[in-house]
Amino acid sequence: MLSLKKKRRIQLLIILGVFLIIATALIGYAMKDGIQYFRSPSQIVLNPPSSNERFRLGGLVKEDSWVKGDKHQFLVTDNSKDIKVTYRGILPDLFREGQGVIATGYFKDGLFEAIEILAKHDENYIPKEVMETLKDQGVYKPSS
Amino acid sequence: MIVEFGHLALIIAFCASVFLIVVPTIGLRYRWINFTNLASPLTISQFLFTLISFLILMSAFVRSDFSVKLVAKNSHTLKPLLYKISGTWGNHEGSMLLWVLILTFFGFLVACFGQSLRHDFKVKVLIIQSTIAAFFYAFILFTSNPFERYSIPPFNGLGLNPLLQDPGLAFHPPFLYLGYVGLSMSFSFAIAALIEGKVDSVWARWVRPWTLIAWIFLTIGIALGSWWAYYELGWGGWWFWDPVENASFMPWLISAALVHSAIVLEKREILKSWTVLLAILAFSFSLLGTFIVRSGIITSVHAFASDPTRGIFILLILVVATGGGLMLFAIRSRDLSSRQSFSVVSRESALIVNNLLLVVSAFVVLIGTLWPLFSDLVFEKRVSVGAPYFNIAFTPFFVAISMVLPVGAMLAWKRAKLNQTVFSLWPALILGVALGAIVWGFQTGGRILGPVGVSLATWLICGALTDIWVRARGNTVTKRISRLIRGHRSDFGKCVAHCGLGIIIFGISAITAWETEDIRIVSPGEKYSMGQYELQFLGVRQYQNQNFMTTQGEFRVDKDGEFFGSLLPEKRFYPVAGIWTTEAAIDQSLLRDLYIVLGEAQDDGKWTVRTYVKPFAIWIWLGALCMALGGILSISDRRFRFSAGSKKVL
């Protein structure tokens with residue numbers, strides 16, 4: 001016969017185990033929807049993702065490519081390849097041509113439909129992923 | 001000259017902290033009372049010198065002394081006074097100084113008001129607190145000195161990021177830091193208890209209010225941040241599951257668990273090692289939060305240009321504190337055994353389930369937050385984890401917590417009768433299900449989230465009220481009410497805090513399920529309708545303010561054919577920083593928020609406009625306020641005054 005204390009401890013471990021299993025299962029399930037890959041324009045051109053995959057596109061907003069409207073159009077570039085992006089909504093205040101941008105959305109028929117444009121609170125900030133993409137392309141020059 | 005005194009004061013405080021680590025430790029080892037007696041005065045002087053240093057930095061901001069690099073980079077003569085002051089902590093260096101100021105302030109409180117603590121124990125707590133402080137002093141002095149000077153001061157400063165020029169955000173960092181750093185107290189107490197190998201109800205009686213204070217500040221701090229994001233960013237969102245937000249949410253979850261497990265320890269002298277472990281974890285999560293925010297290692301919406309090399313130093317502190325704490329725990333926790341037992345159906349079990357759910361949900365958030373880092377390092381794939389992950393993986397645990405909470409909160413200690421508790425909760429359950437069903441019937445085809453939220457919220461709130469009603473035993477209604485009024489404040493606190501959770505759950509599910517949104521391009525004079533409201537865009541006008549220029553749109557709102565009000569969303573331009581910001585116009589009421597954002601100007605005088613109707617939005621923050629209020633009521637209970645009933649036994 002186990003002592004009451006031991007019994008409690010075993011029950012506790014079983015409950016904890018059950019919770020952890022549920023949590024792991026939920027995490028695994030949720031990751032399918034929640035994980036968004038980060039892709040640069042060159043990666044998309046090289047290996048286009050399927051049209052129902054939600055992912056993040058990062059790069060620079062190409063100069064003179066922004067067409068305003070209730071549906072915005074602009075090009076996102078990594079100075080090697082460009083991707084045309086459309087976005088219906090109000091762009092963040094720090095959205096500017098020549099600046100870094102991260103857009104979340106779907107790639108359909110050669111067009112990236114953004115559902116969210118990531119803004120930063122800081123005008124000097126370049127998203128880490130964008131910076132690395134630009135470094136990969138050899139165009140990033142750290143400013144003083 | 002005075003700025004150099006600030007620097008000097010900081011160096012003195014650093015020396016005091018090192019001195020405090022060395023001397024009383026030797027005193028403890030050889031039982032030299034003269035040495036251990038130094039702990040309190042050293043802690044107090046540490047606090048005073050840090051305070052002097054902080055005030056000098058603040059005065060540099062107020063005086064706009066641009067020979068100080070930090071002031072020149074973050075302030076401007078044209079800025080309103082409030083934001084000159086809040087500019088002190090609106091940057092990396094200043095915020096770290098604020099952090100260490102609060103850290104020493106908590107040490108100061110123990111030194112001054114800890115007479116009821118046993119001398120040796122108090123000294124140990126102060127030594128540990130001072131060790132943490134020493135690391136942060138070194139961090140500030142060697143990597144982020146706020147008092148650095150320019151040899152040639154610039155004519156004017158660069159100004160504070162305009163988005164931060166907001167009353168909500170001016171006080172957001174101090175509150176959050178009071179929460180983060182408040183958990184250092186529980187940590188120091190836990191480590192000291194592990195060193196002594198002894199934890200008892202008196203220990204819990206000390207740890208609980210500290211944790212509760214930290215938790216209250218965290219609650220308010222998080223609510224302020226979310227409130228700011230809601231009306232200042234102009235995206236209409238209030239929580240983005242962003243790494244920086246999660247960084248404050250994880251310590252909140254763990255400290256909520258700690259507050260509850262400390263109750264069990266205090267009342268029943270069980271869960272000793274678990275409570276100590278939670279105390280270590282809670283502060284570790286605070287440090288992890290500081291690390292995530294300050295290093296900018298994970299891409300975040302809220303990331304400010306940050307410096308990864310500084311992150312390494314905080315990471316070092318995190319590893320030392322967590323690693324050291326957990327190692328000590330592994331070695332010593334075996335001494336913390338308890339003799340009490342309890343039945344499966346009892347308050348103890350209920351609180352254990354609460355704790356496990358809170359900790360596991362924090363774990364889920366942790367995985368989601370750190371996954372991008374992990375994926376980058378291990379798989380070399382750049383990913384981000386978005387809101388869908390958290391909605392799916394986190395929500396079930398909070399639904400589970402809400403379902404068991406009212407029952408668990410009413411179970412008796414030791415051995416409870418389940419059917420007795422369930423019997424008194426029948427009305428709450430029936431009301432909850434009925435309201436949910438009615439809402440479901442009315443909304444035809446909407447998301448199931450709304451009715452579920454209504455049910456859970458009703459269940460929680462009525463459950464909390466039932467609890468306090470049953471507690472005030474009495475035959476007649478008047479007798480019960482008079483007992484209720486004279487009842488313990490902590491019982492009220494529990495009721496209010498749990499109601500707050502219900503209110504938040506209702507607000508969140510209502511806004512998520514029933515929000516409506518409209519985006520269009522309007523020309524001046526154009527009308528459009530939004531639900532029961534008729535809106536008309538009258539045009540824009542421009543004017544100059546103290547430190548910004550604004551373009552203000554005017555909207556006339558009609559309801560049922562009658563004039564209802566005007567809404568004035570703005571776009572502001574801050575010339576100093578060269579930044580545009582969006583000021584949403586929000587008409588707020590208990591039932592719904594009408595939220596208008598002005599977008600870009602089109603070429604032909606038209607404007608993009610985004611309009612939302614957000615039902616019950618304000619309930620989210622009212623709920624948070626309720627939770628904090630519950631905590632305050634609880635802490636004001638006479639039974640938890642630091643001195644009350646705690647003999648010099650610790």
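Visitor: What do the side chains of B:Asp65 and B:Arg63 meet in?
Guide: In this predicted model, the two side chains form a salt bridge, at 3.9 Å from N to O. A salt bridge here is a side-chain nitrogen of Lys or Arg within 4 Å of a carboxyl oxygen of Asp or Glu.

Visitor: Is B:Asp65 buried or exposed?
Guide: B:Asp65 counts as buried because its relative accessibility is 16%, while B:Arg63, at 46%, counts as partly exposed. Buried means under 20% relative accessible area, exposed over 50%, and partly exposed in between, with a 1.4 Å probe and protein chains only.

Visitor: Which residue forms a salt bridge with B:Lys614?
Guide: The partner is B:Glu515, and the closest N and O atoms are 2.4 Å apart. This pair links distant parts of the chain, 99 residues apart: B:Lys614 is in strand β11 (residues 607-615) of chain B, and B:Glu515 is in the loop between α19 (489-514) and β2 (516-522) of chain B. Helices (H or I, at least four residues) and strands (E, at least two) are DSSP runs, numbered from the N terminus. B:Lys614 is buried, with a relative accessible area of 0%, whereas B:Glu515 is partly exposed at 31%.

Visitor: Which residues do salt bridges that share partners join into one network?
Guide: They are B:Glu4, B:Arg63, B:Asp65 and B:Arg149.

Visitor: What about B:Arg149, how far apart are the closest N and O atoms in its salt bridge with B:Glu4?
Guide: They are 2.8 Å apart. B:Arg149 lies in the loop between α7 (119-143) and α8 (167-170) of chain B and B:Glu4 in helix α1 (residues 2-30) of chain B, so the pair ties together parts 145 residues apart in sequence.

Visitor: Changing topic, where is B:Ala279 found?
Guide: B:Ala279 is in helix α12 (residues 272-295) of chain B, and it counts as buried, at 0% relative accessibility. Its C-alpha atom is separated by 9.5 Å from that of B:Val259, 20 residues apart along the chain.

Visitor: How is the model numbered, and what limits apply?
Guide: Residues are numbered from 1 along each chain as its sequence is written, and chains are lettered from A and ligands numbered from 1 in the order in which they are written. As the model is predicted, local features need pLDDT of at least 70 and side-chain atom pairs count only at pLDDT 80 or more, while totals for chains, interfaces and linings use all residues; side-chain values use heavy atoms, with hydrogens and water left out.
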